[in-house]
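Reader: Hi! Could you walk me through this model?
Author: Happy to, here it is.

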Amino acid sequence: MCGIVGYLGKQSATPIILEGLRRLEYRGYDSAGISVINGHGLETRKKKGKIEEGLARSLKENPLIGRIGVGHTRWATHGQPSDENSHPHLDHSGRIAVVHNGVIENHERLKARQIKAGHEFRSSTDTEVLAHLIGDHYEKLKGTEGNGIHPLAKAVTEALREVIGTYGIAVVCADYPEVMVGARRGSPLIVGIGDGEHFLASDATAIAAHTRQVIYLNDYDVVTLEKNDFSVMNLGVATAQVQISQLEFDGESAERGEFAHFMLKEIFEQPGTVENAMRGRINMEEGTSKFGGLNLTVTELRAIDQIVITACGTSWHAALVGEYLFEEFAHIPVEVEYASEFRYRNAPIEKNTLVLAITQSGETADTLASVCETKRRGHKVLAICNVVGSTIAREADGGIYLHAGPEIGVASTKAFTSQVTALALLALLMGRIRSLALNRGRKILQALEAVPKQIESILSQNDAIKEIAKKYINAQNFFFLGRQYNFPVALEGALKLKEISYIHAEGYPAAEMKHGPIALIDEHTPSVVIIPSDAMYEKTLSNLEVVKARKGPVIAIATEGNTALAGQVDDIIYLPPALESVFPLLAVVPLQLLAYHIAVARGCDVDKPRNLAKSVTVE
């Protein structure tokens, strides 16, 4: 979750690291810090709070000068947010600085041993324990240059052999002002390759403005960087597999541009990102879709008789839409599992089961663990992922890239619509190789191709949705209701609102209100009812009327032309007509805008909501 940036080369390190940390602040923003090696040794600045309020101000008052350094922006796991618990952390000698993402599970045992040996600790973090451990090994190894492995890299390697847990780390030592060491296990770390300079980062957005050439490190890799050279080894073997990749995006893609927040920018990007998810994947003549990276033959796909989808958060809601899609288009039974539960269950999975892992980042810890456990059992795993080169994308047997570009807003928006689009295309493919008729396949594709323009028409209602939002900023509770395909959208709408506005919100199948939740309905509790003009319209209308009978305010998400409904609800947002299977791609957009405008009106920081961070890479 936290952000790591490291630089060594010919430029001043601090501005590059600080810029990278700003780009990574969506991964953690309770504190930030930088260590730089100058002509006198190692200097560190670190402050609690958001970067501009803490670290940037400290650096302006007391600059750091040097051409090598490491930086970190934190989402707290061990120890509350404070200056002392901020990274980087130093070893016992104060000459080694470490930044770390992940969790050292045996840190208490290691710390007890170090305290017994006379070490003093300034923080309550597991990372400081790791820094001291690296320092202990370094004391035994310094001065051993020329033995094949740099002594700092050897110290890191020996320390990590004692560690239980996950890590992505960057390490510098005052004794070696032109060397940086990085390592990863279960937490992403990327090497950026430049001209006479190198970078380390936990996310490519931090370094995309400086280089497009990157190496995605694998678990147990240890990289040693110098200005004009680098080497990678693995904890298990002397060498490691290294592949240089090209980034799909540049630094401008991670800028807000004219928008007030990244979240709003990403909501408005959805016509393009949905189109990108379809580009090159539609075969209208045959009424089907095509993918280049599934790595499964038609025979293998046809043999699948069950699908298990595993995901977390917003991706789990997309998976629920996928369940409806696969079961309608392909008549394949589907189970949707929370990755955090699935990874620990001994769930029976039949032989011909396909497991789908859905993740925006490709680094979600629970989803990754589910992928690895499923592969261990011998089942095929496909990933639906946005980040090229991410761990889950590499671990899966095949998959689908979303090509949505970097998603910076902590509250996911464009990833959801891209995931649902990819699921619809995959479900269509599975249906067409079974029993789905050609004409039906073409109608689905035509409906999908219409979605980008339809989303544009919804976005044109932004100002009207903003006015609706202002009416409900003092609400303490919200309900989101939908049926069939729109039930997962109700869950997603509730999640968006609670994530960024801190209003308690719940999503339900509309008919379930009668089974308990309706007890909470009163004139102060709004309900957002997704009620398209579809086969379930009359049933959903009946549920809506039950809410109105108890004086509950209702915001309706309805199909254009349904003017009769306007007199029965407090507010109404009209969407273009669409197939039931495609409607979720439209219905979620006004819910994203509603949540956004309510949060802004309440004075919330929508891009950095409290307690949250992007890409959950710890368990």
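**A chat about the model**

Author: Let's begin with Val 321, which sits in helix H9 (residues 313-329). Keep in mind that this is a predicted model.

Reader: Which residues is Val 321 in contact with, leaving aside its neighbours within four places in sequence?

Author: Those are Phe 416, Val 420, Tyr 485, Pro 488 and Pro 584.

Reader: And how many residues apart in sequence are Val 321 and Pro 584?

Author: They are 263 residues apart in sequence, while their C-alpha atoms are 7.9 Å apart in space.

Reader: Nice. Let's move to helices. How do the axes of H13 and H14 cross?

Author: Helix H13 (residues 414-432) and helix H14 (residues 438-459) have axes that come within 10 Å and cross at roughly 170°. H13 is therefore roughly antiparallel to H14, since angles over 145 degrees count that way.

Reader: Which residues meet there?

Author: From H13 you have Ala 424, Leu 425, Leu 428 and Arg 432, and they meet Leu 438, Gly 441, Ile 444, Leu 445 and Leu 448 of H14. The residues of this contact of H13 with H14 divide into seven nonpolar, one polar and one charged.

Reader: Good. Changing topic: what is the strand order in the open sheet of eight strands?

Author: The order is S3-S2-S4-S1-S10-S9-S11-S14, and the pairing is antiparallel. Strand S3 (41-48) and strand S14 (244-246) are the edge strands, each pairing on one side only. From one strand to the next, the twist averages 20°.

Reader: Can you zoom in on a pair? How many bridges do S2 and S4 pair over?

Author: Six bridges, in the antiparallel sense, between strand S2 (residues 31-38) and strand S4 (residues 68-74). As one example of facing residues, Ile 34 stands opposite Gly 71 in S4.

Reader: Which strands does helix H1 lie across?

Author: Helix H1 (residues 13-24) lies across strand S1 (3-8), S2, S4 and strand S10 (198-201). H1 runs at about 160° to S1.

Reader: What about S12, how many of its residues are buried?

Author: Strand S12 (residues 221-226) is mostly covered, with five of its six residues buried.

Reader: And how many bridges join S8 to S12?

Author: Four bridges join strand S8 (residues 180-185) to S12, and the two run antiparallel. There, Gly 182 stands opposite Val 223 in S12.

Reader: Then how many bridges join S12 to S13?

Author: Six, and S12 again runs antiparallel to its partner, strand S13 (residues 229-234). A hairpin joins S12 to S13 through two residues. The bridge partner of Glu 226 in S13 is Asp 229.

Reader: Great, on to charges. How many salt bridges does the structure hold?

Author: There are 21 salt bridges in the structure. One of them joins Glu 52 to Arg 22, and their closest N and O atoms are 2.3 Å apart.

Reader: Where in the chain are Glu 52 and Arg 22?

Author: Glu 52 is in the loop between S3 and helix H2 (55-61), while Arg 22 is in helix H1, so to speak a link between distant parts of the chain, 30 residues apart. Glu 52 is partly exposed at a relative accessible area of 44%, and Arg 22 also counts as partly exposed, at 39%.

Reader: What does Lys 50 meet in a salt bridge?

Author: The side chain of Lys 50 meets that of Asp 605, at 2.6 Å from N to O. Lys 50 lies in the loop between S3 and H2 and Asp 605 in the segment after helix H18 (583-601), so this pair ties together parts that are 555 residues apart in sequence. Lys 50 counts as partly exposed at 23% relative accessibility, and Asp 605 does at 26%.

Reader: And what about Lys 414, buried or exposed?

Author: Lys 414 is buried, with a relative accessible area of 2%. Its side chain meets Glu 269 in a salt bridge (2.7 Å, N to O). Because Lys 414 lies in helix H13 and Glu 269 in the loop between helix H6 (262-268) and helix H7 (270-278), the pair ties together parts 145 residues apart in sequence. Glu 269 is partly exposed, at 23%.

Reader: Which residues do salt bridges with shared partners join into one network?

Author: Lys 154, Glu 158 and Arg 161 are joined that way.

Note on methods. Residues are numbered from 1 along each chain as its sequence is written. This is a predicted model: local features need pLDDT of at least 70, side-chain atom pairs count only at pLDDT 80 or more; totals for chains, interfaces and linings use all residues. Side-chain values use heavy atoms; hydrogens and water are left out. Two strands pair if DSSP finds at least two bridges between them. Axes are lines fitted to C-alpha atoms, for helices over the stretch in contact, and angles run from 0 to 180 degrees between N-to-C directions. Contact means heavy atoms within 4.5 Å. Angles under 35 degrees count as roughly parallel, over 145 as roughly antiparallel, 65 to 115 as roughly perpendicular and the rest as oblique. Ala, Val, Leu, Ile, Met, Phe, Trp, Tyr, Cys and Pro count as nonpolar, Asp, Glu, Lys and Arg as charged, and the others, Gly among them, as polar. Buried means under 20% relative accessible area, exposed over 50%, partly exposed in between (1.4 Å probe, protein chains only). A salt bridge is a side-chain nitrogen of Lys or Arg within 4 Å of a carboxyl oxygen of Asp or Glu.
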